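Grab a pencil and work through these exercises with the structure open beside you. Try each task before you read its solution.

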Amino acid sequence: MGPVLSAALVGILVGSLLFSMLADRFGRRPVLIVATLFFSLITLWTGLAASISELRLARFIAGVGLGGIMPNAVALVGEYTPRRWRVLMMIVVSNGFNVGAIVAGLVSARMIPVFGWRSVFYFGAALPMVIGLIMLVFLPESLQFLAVRGKNPSKLRKWLGRINREAAQAENAKYVVREEKAQGVPLIHLFYEGRAVGTSLLWIINFMNLLNLYFLASWLPTVVSASYSIQTSALVGTTLQTGGTLGTFLFAWLIGRIGFVPVLGTAFTIAGLSIAFIGQPALPLALLFVVVFSAGFCVVGGQGAVNALAATYYPTHLRSTGVGSGLGIGRIGGIVGPLFAGALIGAGWAPREIFYAAAGPAAISALTMFSLRWVMKSDLPAIGETDQHQTPKTDIAIAQEAHMLPIAQIGHRKLGIHLSDLFLYGHFKAKISLDYLNTLQPRPNAKLILITAITPTAAGEGKTTTTVGLGDALNRIGKTAIVCLREPSLGPCFGVKGGAAGGGYAQVLPMEDINLHFTGDLHAVGAANNLLAALVDNHIYWGNSLGLDARRIFWRRAVDMNDRSLRQITIALGGVGNGFPREDGWDIIAASEIMAVFCLAESIDDLKRRLGNMIVGQTRDRKYIRASDFEAAGAMTALLKDAFAPNLVQTIENNPALIHGGPFANIAHGCNSVIATKSALKLADYVVTEAGFGADLGAEKFMNIKCRKAGLRPDCAVVVATIRALKMHGGMNKDALKQEDLPALERGFTNLARHVENVRKFGVPVVVAINRFTADTEAENALLKSLCEKLEVESITA
């Protein structure tokens, strides 16, 4: 009967691979129903088999159907279960197969003596037939799968309505998830986008663990019977499965608190030690049951957790294939395990030696599991799928875990820019050729959305986070959207304010590079600024033919750092050769006039003209001296020619972002460069940009300076607010902001109301974005919505 039993395992192997790929292409629901009904019909045929060869063939085909059930059931449960319970429910579903095997054994023991062996298969065919028909009526399709496929929104709307009748059912509603579907064979995509190592390690773990599982299930009673009674050996087999069932639930609880890797790595280590102990001669009976229970607890119980790990690791469009392929590879181990043990027994190995050998695969499983965290630093999924609001990660942790695509791929796939039109700064940053941008002029402009905010507070508002999030959201519903941001300055990055690349899961990447030297644009601005400063002092040293009054030199030097000791200094000390001593000072580069000019210029020629028009100082008779008087404009432009090309990067969701220029809003106009914004308007359907500080500063300067000079007009303005910040405007102390305070919120709302009123004066539609925090209460949200309605402005909670 060995070939008959092996045929079922081979069938499960084939079914796991075949049906899982079909599910990622056609859906979980139809494949689950077909696999279940198919298994039912073939199981009925198995009971009617007239020969051993026919029985073997029927078992193989029935195994194909059975192999298609587990990976798709795990995937579907994972896609419907809330995050808090997701790992538990996926492991419970996996454990259902173990429980079913135990129940089948008990039922068979009662039926076979009375009705014969065929009755077991008749019963085994009837039950899945009933389940399949129930699924046909009640089983929903995965909403995530339907959203990723995006082909039939009416079907998604139908299932959503059956699950929750109060859910929005607008005919034009679009349903999206945070990923894209892959083209081609799903199995190949398991090795794309940084998943090759993770997939290989998961396959190794599945192979080794199922090798051990089937070895123990098949040979443990036989080997034990050599030293103990038949009744004891049978009870040992039951202990193995009982340990596995209990292990399932404990692992689910532990993984939600500690994580997959430490729990399963430790479990497989204990499994190896337990298996090695089983073969010890003269082992007391009580200790034998303990080590067998421990082995089942870790090996059998651990397999369900491995299935949950695979379902967590892979995205929706590969989830069934990922789980199914791992189980398929594991079934090979399930075939090899009993054969391996049989060969060792046939070779005359002692039980101790056999179980020592069996401990090896458990040790390999443990080492492979521990290596997951070391090898897959950025690809390992969020441990236990915990909620960001419950156990928040730092911005830098989220950024470092994110998977970035090569920037050339972002440019070509998202924007249609060829590699020859990009100047790469490594794999993830690039500048767009100015020659290429000049070819875009005939294209129509996209819609321009301005993000601004209430008056800033220490509680935080989140303009950049909202900007990036809105850009990602527009891309997710099928629009081509580009985010346009300013470049961060090193001064605030190392000061109190910190970085300026967004926050949480709404960030631009590579975050560390953007917040530090990036592509060197700010350094180029600093070099041009200080070149002009050097030319001024050198001109005075060599005779001062322009008659510049050293007391009325306005031009200061610049450095990209907060250094208060350099604000007001005396230069040219140390003797005649160092020039004429005078008072001078340093500004931060973002406050340099060159930065403002740089961000308003529309071409290299325009930049040169604007640089030449900058006022450097006055003569004694108050005549203005400009940079062009020193013939400095050409040299400064030469220093800025590479920096003038906009920088292309990506968001965490791999959507394009242009980050270029960074004038401060309290000194200059606080917007990114005109050339970046105008280029984005030619490349996308929507452009989302922001203006610094509150709407009374950045937004008004955006309208009055940038839009007027560049001929722009936003189609919509978004005023960002938080309940925390509004309560702070209403008089609450920062330390008390987590407490509900409706009167403070209502008092602080006057700040938001005034900003909305100010923006409306420019004739631009206004929307309020409420940046949600965990401590916000339902009453506070309801009050803020009500106040916005009275102001006749739409508010959206983000």
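**Exercise 1.** Find the residue of strand 14 that is the bridge partner of Ala430.

*Solution.* Start with the strands, which are DSSP runs of E with at least two residues, numbered from the N terminus. Ala430 has Leu648 as its partner in strand 14. Next, look at how the strands run: strand 2 (residues 430–432) and strand 14 are antiparallel, joined by two bridges. That's enough for pairing, since two strands pair if DSSP finds at least two bridges between them.

Before you go on: this is a predicted model, where local features need pLDDT of at least 70, side-chain atom pairs count only at pLDDT 80 or more, and totals for chains, interfaces and linings use all residues. Residues are numbered from 1 along each chain as its sequence is written, and side-chain values use heavy atoms, leaving out hydrogens and water.

**Exercise 2.** Work out which residue of strand 14 stands opposite Val508.

*Solution.* Go to strand 6 (residues 506–509), which pairs with strand 14 in the antiparallel sense over two bridges. Opposite Val508 you'll find Thr651.

**Exercise 3.** Describe how strand 14 connects with strand 15.

*Solution.* First, count bridges: four join strand 14 to strand 15 (residues 656–659), and the two run antiparallel. Asn647, for instance, stands opposite Ile659. Then check the turn: the two strands form a hairpin with four residues between them, and Asn654 there has a positive phi of about 65°.

**Exercise 4.** Why is strand 14 (residues 647–651) described as largely enclosed?

*Solution.* Check burial, which means under 20% relative accessible area (1.4 Å probe, protein chains only). Five of the five residues in strand 14 are buried, so the rest of the structure largely encloses it.

Technical notes
Buried < 20%, exposed > 50% of the residue type's maximum accessible area, 1.4 Å probe, protein only.
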